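Let's take a friendly walk through one protein model. Keep the sequence and the picture side by side as you read.

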Amino acid sequence: MTFALDANAPATAGDRPDGDPLRIALLTYRGKPHCGGQGVYVRQLSRALVDLGHHVEVFAGQPYPELDPRVPLWPLPSLDIFNEHFPGRRPAFWEIKTPADRLEVWCTRFGVFAEPLAFSLRACQELRRRRDDFDLVHDNQSLGYGLWGIPRAGLPLIATIHHPITVDRRLEMAQAKTRQERFGKKRWYAFTRMQTRVARRLPRVLTVSESSMTDIVRDHRVPPERINVVPVGVDPEVFRPLPDVLREDARLVTTASADVAMKGLAYLLEAVSLLRESGRKVTLTVIGRPRPDSATLATIDQMGLSDAVRFVSDLTEAEIVHLYAESAVAVVPSLYEGFSLPAIEAMSCAAPLVTTTGGALPEVVGPAGEAALQVPPGDSSALADALCRILEDPQLGRRLGDEGRRRVLDRWSWRHTAERTVEQYRLLLAGSGRRSR
């Protein structure tokens, strides 16, 4: 298996006259519209599959993805306990109507994240009812026990695992400060045991990088011969350079959750503090929304960065592109990435880029210094030094941006992703003995 994609590769069976159109049920237990890999993946993949002539319907829990008008959305509402506005809310008794609802409430009261499990049960029930409407089911990382009922209903099943959530669990546990906090995180991530059991029984798994493949083999114990690397893409016509927009020479931008240790925002804040202590009045725009009780907000106050850091959310793609165009440097400070859509979106916009070497990032951005400056994950001092290099040398920034744009055009588009995904669909159907109708 090779990670790099050939831009001139031949069309797959979905494009050829002998390739019948497929009817695909695409599942995502949550699909945040404008940021977060799951929502972007489902929106863009479903659109690209329709462009190839296939029929796709998306089954999703809240927050629902925004889809191409040609792609029907079938809401499978959760109790939305962990919504952005009132996380941890208690559903009223009249909201609890089904066994999946009761299970979601029961697990949550014991501190376990239950959305993937409850969603998979709802999806299985709906797909059993509509099993004659689809040729196959594609799960986007719910990996809930309910998926076991889908092949029993006669529908072949394939799943994308962007990276195993066991990696998140390890990083969160390592950063827990007290025994009580560690115990709470252990309970919250108890669902990863379910995901391992489900992943091991899947006949075919897609993932987005060689790095993620290695982690899936190690953590989920899926045999490597069942895993196929299909990288995600970007739309270079949307994420593009804006030459008429002037870069602000002290503006940094990142897409990073304030409340997920894996995204490394704490280390970027430390790097910003170091730069400001050295006399550089840099500012940081974070594409994301912190929780009201976020420890990151307290850290920003303690570091004296309240006037230097702003969070923005619910941005359109056009607004994100404009942010990349006006920023001096885009940063991906993650401790780990299974792929990194923010990295290739920044590269596609020709933004000067600094990343860590966490997870698949070296695969994504290429050799160090070519399309991005790279530093070890969790090293605030090295991150500050790399940012300073670009801030002091705009010519270096332009060269990195140009190379990043070229790398994206050479390697990644959602059409490439869809074509190779269809190849895997057809292999799944051939192995199951089921034919498209």
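Strands β8 (248-255) and β11 (327-332) run parallel and are joined by four bridges; two strands pair if DSSP finds at least two bridges between them. This is a predicted model, where local features need pLDDT of at least 70 and side-chain atom pairs count only at pLDDT 80 or more, while totals for chains, interfaces and linings use all residues. Residues are numbered from 1 along each chain as its sequence is written, and side-chain values use heavy atoms, leaving out hydrogens and water. Helices (H or I, at least four residues) and strands (E, at least two) are DSSP runs, numbered from the N terminus.

Here are two bridge partners to find in the picture.

| Residue | Bridge partner | Strand of the partner |
|---|---|---|
| Thr-254 | Val-331 | β11 |
| Ala-330 | Leu-353 | β12 |

Strand β12 (residues 353-356) pairs with β11 in the parallel sense, over three bridges. Between β11 and β12 the chain passes through helix α12 (residues 341-348), in a right-handed β-α-β crossover (with the strands pointing away from the viewer, the path from the first strand over the helix to the second runs clockwise).

Is β11 enclosed or open? Six of its six residues are buried, so β11 is largely enclosed by the rest of the structure. Buried means under 20% relative accessible area, exposed over 50%, and partly exposed in between (1.4 Å probe, protein chains only).

Now look at helix α5 (residues 166-175), whose buried residues are Thr-166, Val-167, Asp-168, Glu-172 and Met-173. These buried residues pack against α6 (179-188), α7 (191-200) and α8 (210-219), with contact meaning heavy atoms within 4.5 Å.
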